[in-house]
Structure formats: structure tokens, C-alpha cells
Amino acid sequence: AKFLFTSGSTKLPKGVINTQRMLCANQQQILQCFPGLGQVRPVLVDWLPWNHTFGGNHNFGLTIWNGGSLYIDEGKPVPALFGRSVENLRSIAPTVYFNVPRGFEELVPHLRRDAELRTNFFSQLKLLFYAGAGLAQPVWDAMDELAVQTCGRRVLWVTGLGATETAPSITFTTRDGVRSGMIGTPVPGVEVKLTPEGDKLECRVRGPSITPGYWRQPELTRAARDEEGYHRMGDAVRFVDPSDPTFGLVFDGRVAEDFKLATGTWVSVGPLRARVIAAGAPYVQDVVIAGLNRDTVGALIIPNVEACRALCPELPHTAAGSTVLQHTAVRTQFQKLLDEFAKQATGSATRIVRAIVLTTPPSIDASEITDKGSINQRAMLASRAAEVEALYEVNPPERVLVAGQR
């Protein structure tokens with residue numbers, strides 16, 4: 001039916017064969033998980049690019065399969081472009097809203113200050129769905145509060161695990177009580193096998209919605225299959241409750257992102273990154289973890305500049321982001337975060353010794369951000385190599401924050 005390329009966040013992009021069987025099977029699987037999609041024609045307002053599986057397979061296919069309406073939104077989840085999404089949501093009431101975490105981060109401030117937008121957005125909304133990366137719990141909580149404030153009830157949150165190779169959905173959360181990081185249970189017709197990889201469990205899948213392979217790359221196709229024909233996802237997962245599998249799975253990072261320190265200690269990047277974002281909310285937007293073959297873990301912090309402005313109200317609202325981030329109150333806040341995080345560490349793999357707060361945001365043109373708005377860890381480490389080196393200098397420059405050093 002089509003070829004889609006992987007995002008290249010951990011390795012070079014690969015051309016994934018998407019068959020008609022995959023697409024049709026996955027839409028039926030989605031409908032069996034959420035029967036309501038077939039009872040009320042879905043209305044979507046969506047900016048997600050069609051060259052990626054979330055927008056081009058999941059959302060586009062869901063609209064066609066269930067006879068819905070898809071309003072194409074040319075906005076993107078970055079401050080300069082998200083205004084278009086806001087304008088569309090002010091006039092079109094979605095029944096289900098799909099986005100990546102960065103999109104929800106941009107949406108929350110608009111909903112807080114715009115009553116007209118808030119009223120229209122929640123008027124027909126039955127379901128909120130995020131994928132592509134972990135959603136920070138404060139953003140999740142803010143959306144819940146806004147829903148209750150506007151319509152007197154929470155809106156069901158749904159998330160799951162998927163990939164370009166899986167059309168995309170392989171698991172969903174289908175019960176209430178979900179928290180950030182959970183990915184649910186397998187969709188009907190997909191088998192999930194958990195295989196030990198080091199000290200983690202890799203998720204492997206088999207079923208009618210899984211790709212037959214990579215276009216003209218037979219060696220990669222063979223490497224992606226295990227001896228039983230399961231596709232190796234490269235994602236690590238674990239049970240929410242090992243004694244009750246019905247509670248589903250929790251995302252435990254990308255196997256390919258994890259690395260060893262020079263001491264031989266494994267660093268689990270995904271969970272560590274999630275803890276930093278949660279501890280640093282609302283001032284930390286994202287973080288890139290460094291330390292391959294080094295003695296200690298370091299971090300490049302991507303700040304939420306607008307949240308940081310609140311720490312220095314004496315500055316004019318037009319002050320440049322770099323000015324805000326160099327303010328004493330802001331540096332003190334990030335130093336406090338690093339100190340507290342280091343105190344709670346359980347060992348060298350969870351202790352961030354040094355960090356730099358980046359003053360220039362990730363660049364789409366440099367592939368530091370994927371088209372879906374998520375951070376490309378591999379590209380960030382490569383393009384910010386000078387900053388990574390600064391983390392490990394014997395006498396680090398002033399911009400480097402050192403845990404326990406005021």
C-alpha cells in the first residue's frame with residue numbers, strides 16, 4: 001500500500017513496507033478496542049504529518065474506516081506555528097483529540113487563558129490520546145483540571161505503543177486509572193513476547209498488522225525477526241503489576257538508547273529521562289542524557305523558557321530567551337533541581353553529575369526534532385557534541401552546572 005520511513009531517532013531511517021493487510025487489520029483492531037469510534041462519526045483536527053505512521057496510518061485510516069471527518073491542520077507543536085492549531089480548535093470541536101506530548105504542552109497555556117477555545121474544545125470531546133513519547137504528568141493533570149472546570153468531568157486518556165513497522169498500534173490502555181508511562185495490553189490479534197535483553201525485557205510482536213520487512217534491505221529484515229518470527233521492537237517494557245498482567249505494561253525505554261558508563265554500569269535512558277522531566281516540571285521541557293564510555297552521567301536540559309520567565313518577573317516580557325535563562329533566579333532553580341536529583345540517586349547510573357541548560361532550542365532543520373515533535377537523541381548528541389564535551393572538562397566552563405556545587 002505504501003512505504004513509510006522510520007524517524008531515525010536511534011538509527012538511520014529505514015523504508016518500511018506497509019501492506020493493505022496491515023492497514024486494514026490495524027483499523028479493525030483499533031475499533032475492537034474502542035467501539036465508540038464506530039458509533040459516533042469521529043471528528044479530528046490533526047497536524048500530524050502523513051509521512052509518519054501516527055498521522056498517516058492511525059489517524060487518516062481511522063477517519064476513513066469509521067466514516068469521520070478529518071480537518072487538516074497546518075500548525076505544528078512549536079510556539080511560532082501552533083497558533084494555527086489554536087485557531088482551528090476554536091471553530092471545530094473534535095470528538096477525539098490525538099497529539100504528541102509536545103502538542104499537549106503547547107495547548108495547555110492556550111486553554112487556560114482562552115475561555116472560548118476551552119469551551120469549544122471540550123464540547124464534544126470523548127477521548128484524549130497521546131503517543132510518540134512520554135507525557136509529563138503535570139501536563140496530564142492540567143488537561144484533567146481544565147476538563148473538569150469546563151464540562152464538569154474528566155475526559156478519558158488513552159495511550160499505547162506502536163511503530164512504523166506495526167501499522168502502528170500494538171497495545172492500548174483501555175481502562176481508567178492510567179498514569180503517564182503505561183502502554184496497556186495487546187490489541188486483538190497481536191501477540192506480544194517479552195524477551196530478556198540485559199537487565200530489561202524487550203517487546204517483540206507478531207500478527208497480521210506487522211510489516212513483512214524493509215524495502216530492499218533483506219539483511220535488516222532478517223535481523224529484525226527472531227527465531228519464532230516475532231518482530232523486535234527495540235522497546236523495553238515491564239509489567240505494571242507482575243502479579244496481574246491485565247493491568248498491562250509500562251514503557252521502559254529504548255534498548256538502543258541505553259549505554260554503559262566506563263565502569264561497565266548500564267544507564268537506562270528512558271526511565272532516567274522521564275524522572276528528570278517530572279522532577280523539573282514545569283521548567284524542564286525535555287532532556288538528553290549523555291555519558292557513553294564516560295565515568296559519570298551528564299545531561300543537556302531543554303528548558304521551558306515561558307515557565308522560566310515566571311522566576312524573573314522583573315524582566316520585560318519581550319526579553320530574549322537567552323536573557324531569561326542566564327538570570328540568577330533561573331540558574332538557581334536548575335542548580336537546585338540538579339542537587340535534589342543527585343541526592344535521590346541510587347547509584348552512578350541514576351546520578352546526573354553535570355548538566356547544561358541549552359540556550360538555543362532544538363532545530364527541526366538539524367533533525368534534532370522529528371516531524372512528530374519528539375527529541376531525536378542521536379542527532380542531539382551529535383550536533384551538540386561541543387556541549388557534551390564541556391560536561392566532562394576537568395575545569396568546566398561557567399555554563400556547566402555541577403551537582404552539589406553552588
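**A parallel sheet and a nonpolar cavity**

Strands β5 and β6 (residues 127-130) pair in the parallel sense over 4 bridges. Pairing requires at least two bridges found by DSSP. Strands are DSSP runs (E, at least two residues), as are helices (H or I, at least four), numbered from the N terminus. The model is predicted, so local features need pLDDT of at least 70 and side-chain atom pairs pLDDT 80 or more, whereas totals for chains, interfaces and linings use all residues. Residues are numbered from 1 along each chain as its sequence is written, and side-chain values use heavy atoms, without hydrogens and water.

The two strands belong to an open sheet of 3 strands, ordered β5-β6-β7 with parallel pairing. The twist averages 20 degrees from one strand to the next. Asn99 stands opposite Tyr130 in β6. Helix α2 (residues 53-65) lies across β5 and β6 and runs at about 170 degrees to β5. Angles run from 0 to 180 degrees between N-to-C directions of axes fitted to C-alpha atoms, for helices over the stretch in contact. Contact means heavy atoms within 4.5 Å.

The structure holds 3 cavities of 30 Å³ or more. A cavity is a set of points on a 1 Å grid over the protein atoms alone, where a 1.4 Å probe fits but cannot get out; lining residues have an atom within 4 Å of a point. The largest cavity has about 60 Å³ of space, the volume being that filled by probe spheres set on the points. Its lining includes Val276, Phe334 and Ile352. Two or more lining residues come from each of β18 (297-303), α11 (328-343) and β19 (352-357). Helix α11 gives the most, with 4 residues. The lining has 10 nonpolar residues, no polar and no charged. Nonpolar covers Ala, Val, Leu, Ile, Met, Phe, Trp, Tyr, Cys and Pro; Asp, Glu, Lys and Arg count as charged, and the others, Gly among them, as polar.

Key. On a 1 Å grid over the protein atoms alone, a cavity is a set of points where a 1.4 Å probe fits but cannot get out, and a pocket is an open set with protein on both sides within 12 Å along at least five of seven lines; lining residues have an atom within 4 Å of a point.
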